[in-house]
Amino acid sequence: MPSDSDNPHFDARALRSSSTFPEHVLAEIHRAADQGVYEIRGFGAKRSLPDFDDLVFLGASMSRYPLEGYRETCATDVIIGNRYAERPLHLNIPITIAGMSFGALGANAKESIGLAASEMGTSTTTGDGGMTDEERNSSKTLIYQVLPSRYGLNPDDVRRADALEVVVGQGAKPGGGGMLLGQKITERVAEMRNLPTGIDQRSACRHPDWTGPDDLEIKIQELREITDYQIPILIKVGATRVEYDVALAVKAGADAIVLDGMQGGTAATQDVFIEHVGIPTLPAVRQAVNSLIDLDMHRKVQLIVSGGIRSGADVAKALALGADAVSIGSAAMVAIGCNRPVFVEDYAAIGTAPGFCHHCHTGRCPVGITTQDPHLESRLNPKQGARWLKNYLSTMLLELQTLARACGKSHVLNLEPEDMVALTVEAAAMAQVPLAGTSWIPGRE
Amino acid sequence: MEFDLTIDALRHVNQALHDCGHNHGDVKPFVIRNPKGRHAVAVGMTHEIQVTVDGHVGYYCGGMNQSANIIVRGNAGPGVAENMVSGSVLVEGNASQYAGASGHGGLLTIKGNTSSRCGISMKGIDIVVGGSVGHFSAFMAQSGRLVVCGDAEHDLGDSIYEAQVFVRGDVESLGSDCIEKEMRPEHAQALDRLLEQSGFEFPVADFRRFGSARTLYNFKIDNADAIR
């Protein structure tokens with residue numbers, strides 16, 4: 001900024017930035033003018049959205065009976081996928097790890113996540129690009145994604161998976177396909193995806209062999225026949241027309257539904273997609289639960305919620321709204337070092353800084369998570385990463401139990417909407433819980 | 001061994017097909033009668049066995065096939081031999097949409113015609129169609145070969161990667177980034193072998209070859225016109 005000492009007519013107090021054109025908007029217009037193509041980036045939505053922070057719990061008092069925080073049991077185990085599957089998933093905690101591809105993530109990151117999830121007794125999930133031996137071996141419970149691209153989809157891997165997840169959409173980009181830019185396409189990644197090295201991979205946004213819910217029902221029948229009805233089949237949707245999508249997923253025969261709100265992360269997609277498509281996780285959960293209740297399928301078809309889950313409080317609020325479990329992706333990456341203030345000069349070299357980095361798409365991750373570069377990847381020790389993630393999951397779990405006990409619940413799935421109120425009118429309307437200090441739920445008679 | 005799908009449950013039949021490989025001995029051919037358009041017949045095969053389906057099948061017959069040789073004595077519904085990795089599937093009649101979708105290997109032969117998106121997202125499979133293919137066939141085809149002995153409807157090979165497409169008849173139009181390419185001797189030899197394996201006797205000289213112009217491999221704004 002110029003100094004007023006340079007010019008007697010200059011008054012810094014008179015400078016007023018535009019609310020319509022703040023600095024980041026100006027920078028984006030300049031970048032677009034220079035490059036002529038939309039911005040592609042990683043991470044999730046950066047705009048402010050209604051979220052679980054807008055809800056608070058009503059701890060026990062005269063009319064409710066709390067549980068002792070350090071003495072009385074508050075169970076956390078969940079079963080996922082017992083609608084049709086012979087072998088449903090039995091998870092010790094209601095926090096699972098979301099699908100993230102080998103390719104987007106390096107092998108050390110995948111191994112860290114698998115080891116931590118296994119120690120905590122929960123599941124992890126493959127991504128676009130298939131299953132690696134490292135993640136299968138490090139993950140006690142591994143969910144295998146069936147994505148539109150079908151990159152690396154292998155019948156042997158289908159049979160060694162603990163569950164299948166048919167990905168219809170993703171919260172960061174409902175209606176769009178995945179991206180993996182050429183700089184991350186090493187020989188191993190290219191071989192797994194049957195594509196040349198170095199090309200920009202733009203995955204399909206629709207499945208190649210079905211086009212609607214009626215087809216999907218038949219597709220799921222095929223997958224069940226292939227797996228001899230042994231393992232659960234989940235359907236993942238990005239949060240948009242949630243009530244319809246959940247009902248159609250139930251009709252299509254899902255054992256469980258993964259619902260990803262717009263705060264959900266990605267390794268690479270258009271910024272305009274991340275910021276402008278989909279609805280936040282908060283209203284999405286409530287709509288999904290309503291749909292399941294209407295069909296008498298709540299708790300029969302389990303609901304796993306993802307997109308912006310950061311703490312035990314977020315988990316507790318999602319469960320209280322009726323979810324059976326949550327899934328974390330971005331937060332798990334942060335736990336193993338994403339945006340940690342180390343190797344600051346390497347953040348600068350890719351044009352960012354710790355706390356602001358969304359440069360997963362570049363393949364130059366300074367902390368060795370979203371990279372295929374051996375030098376950068378060596379910065380993440382899988383055992384250290386696993387320890388960090390285990391600690392983080394343990395912390396979330398303790399927070400979740402603390403809140404559940406305070407509400408008098410001996411199992412975290414006993415949390416209910418009546419345990420919460422909203423701090424804003426918007427959150428009250430979206431979550432369908434009363435505005436704090438009132439009995440008013442916007443939209444209800 | 002014979003099954004009759006008017007009597008035997010599909011689950012029972014597929015389970016028997018999956019379990020037969022555990023015997024580690026010679027497995028006799030299977031015949032499945034009266035499929036009557038049922039979906040997911042003979043899917044998830046893992047062993048080198050012969051399966052004949054005597055009639056028309058619905059969706060996904062031979063899906064995710066590994067090693068088995070499957071013959072359909074009739075027409076096939078959508079997604080026949082989807083994601084096949086090895087072995088073969090022969091359809092004696094016509095096939096519906098997405099035939100051979102995302103197949104990684106093996107040989108899919110269709111004596112008649114196929115509907116749209118034949119070979120969509122193919123990843124190494126070989127597909128030979130005796131008749132014509134519908135629109136957007138070989139869409140986003142990554143690798144492998146699609147041979148069309150008849151005509152191809154519009155937008156053939158849209159957004160194609162490294163797959164090779166051979167067409168004997170007319171091509172209504174090519175999709176984004178798909179172009180006609182020179183038929184070099186190695187292509188002609190490979191095509192000749194595929195035709196022979198599939199039981200067709202058309203002269204190789206009748207075919208033209210199509211593939212990717214590769215202008216969309218790395219996104220540059222000045223190549224955006226390739227997307228129509």
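Guide: We will take the labels one by one. The model is predicted.

Visitor: Start with A:Asn194. What makes A:Asn194 count as buried?
Guide: The cut-off is 20 or more other C-beta atoms within 10 Å. A:Asn194 has 21 other C-beta atoms within 10 Å, so it is buried.

Visitor: What is said about the phi of A:Asn194?
Guide: The phi of A:Asn194 is positive, about 55°. The residue is not a glycine. Most residues other than glycine have a negative phi. A:Asn194 sits in the loop between helix H5 (187-193) and strand E10 (201-202) of chain A.

Visitor: Why is B:Met140 called buried?
Guide: Apply the threshold of 20 or more within 10 Å again. B:Met140 has 26 other C-beta atoms within 10 Å, so B:Met140 is buried. Its phi is positive too, about 55°, and it is not a glycine. Its place is the loop between strand E7 (123-129) and strand E8 (143-148) of chain B.

Visitor: Why is H9(A) described as largely enclosed by the rest of the structure?
Guide: Helix H9 (residues 281-294) of chain A has 14 residues. Of those 14, 11 are buried, so H9(A) is largely enclosed by the rest of the structure. The buried residues include A:Leu282, A:Val285, A:Arg286 and A:Leu292.

Visitor: What covers the buried residues of H9(A)?
Guide: The cover includes helix H7 (242-252), strand E12 (256-260) and strand E14 (302-306) of chain A. It also includes helix H10 (312-320) and helix H15 (425-431) of chain A.

Visitor: How do you know that the span of H9(A) is close to the one expected?
Guide: The expected span is 1.5 Å times one less than the number of residues. For the 14 residues of H9(A), 20 Å is expected, and 20 Å is the reach from first C-alpha to last. Just after H9(A), A:Asp296 takes a positive phi of about 55°.

Visitor: What makes E7(A) largely enclosed?
Guide: Strand E7 (residues 141-146) of chain A has six residues, and six of the six are buried, so the strand is largely enclosed by the rest of the structure. Look at the two sides. A:Thr141, A:Ile143 and A:Gln145 point one way, A:Leu142, A:Tyr144 and A:Val146 the other, and all are buried.

Visitor: How do you know that E7(A) pairs with E6(A)?
Guide: Pairing needs at least two bridges. Three bridges join strand E6 (residues 123-125) of chain A to E7(A), so the pair qualifies. The two strands run parallel. A:Ser123 stands opposite A:Thr141.

Visitor: How many bridges link E7(A) and E8(A)?
Guide: Four, in the parallel sense, with strand E8 (residues 163-167) of chain A. There, A:Tyr144 has A:Leu164 as its bridge partner.

Visitor: On to chain B. How do you know that its radius of gyration agrees with a compact globule?
Guide: For 228 residues, a compact globule would have a radius of gyration near 17 Å, and chain B has 18 Å, which agrees. The C-alpha atoms fill a box of roughly 60 × 35 × 30 Å along the principal axes. Of the 228 residues of chain B, 55% count as buried.

Visitor: Which strands pair with E2(B)?
Guide: Strand E1 (residues 2-4) of chain B joins E2(B) through three bridges, in parallel. B:Asp4 has B:Arg33 as its partner. Strand E3 (residues 50-54) of chain B pairs with E2(B) over four bridges, in the parallel sense.

Visitor: Which face of E2(B) is covered?
Guide: The face with B:Phe30 and B:Ile32. The uncovered face holds B:Val31 and B:Arg33.

Visitor: Finally, which residues of the two chains count as in contact?
Guide: The test is C-beta atoms within 7 Å. In these terms 22 residues of chain A are in contact with 33 residues of chain B. H6(A) gives the largest share of chain A's side, five residues. That side divides into 11 nonpolar, five polar and six charged residues.

How values were computed. Residues are numbered from 1 along each chain as its sequence is written. Chains are lettered from A and ligands numbered from 1 in the order in which they are written. This is a predicted model: local features need pLDDT of at least 70, side-chain atom pairs count only at pLDDT 80 or more; totals for chains, interfaces and linings use all residues. Ala, Val, Leu, Ile, Met, Phe, Trp, Tyr, Cys and Pro count as nonpolar, Asp, Glu, Lys and Arg as charged, and the others, Gly among them, as polar. The radius of gyration is taken over C-alpha atoms; the globule rule is 2.2 Å times the number of residues to the power 0.38. A residue is buried if 20 or more other C-beta atoms lie within 10 Å of its own, exposed if 12 or fewer, and partly exposed in between; C-beta atoms are placed from the backbone.
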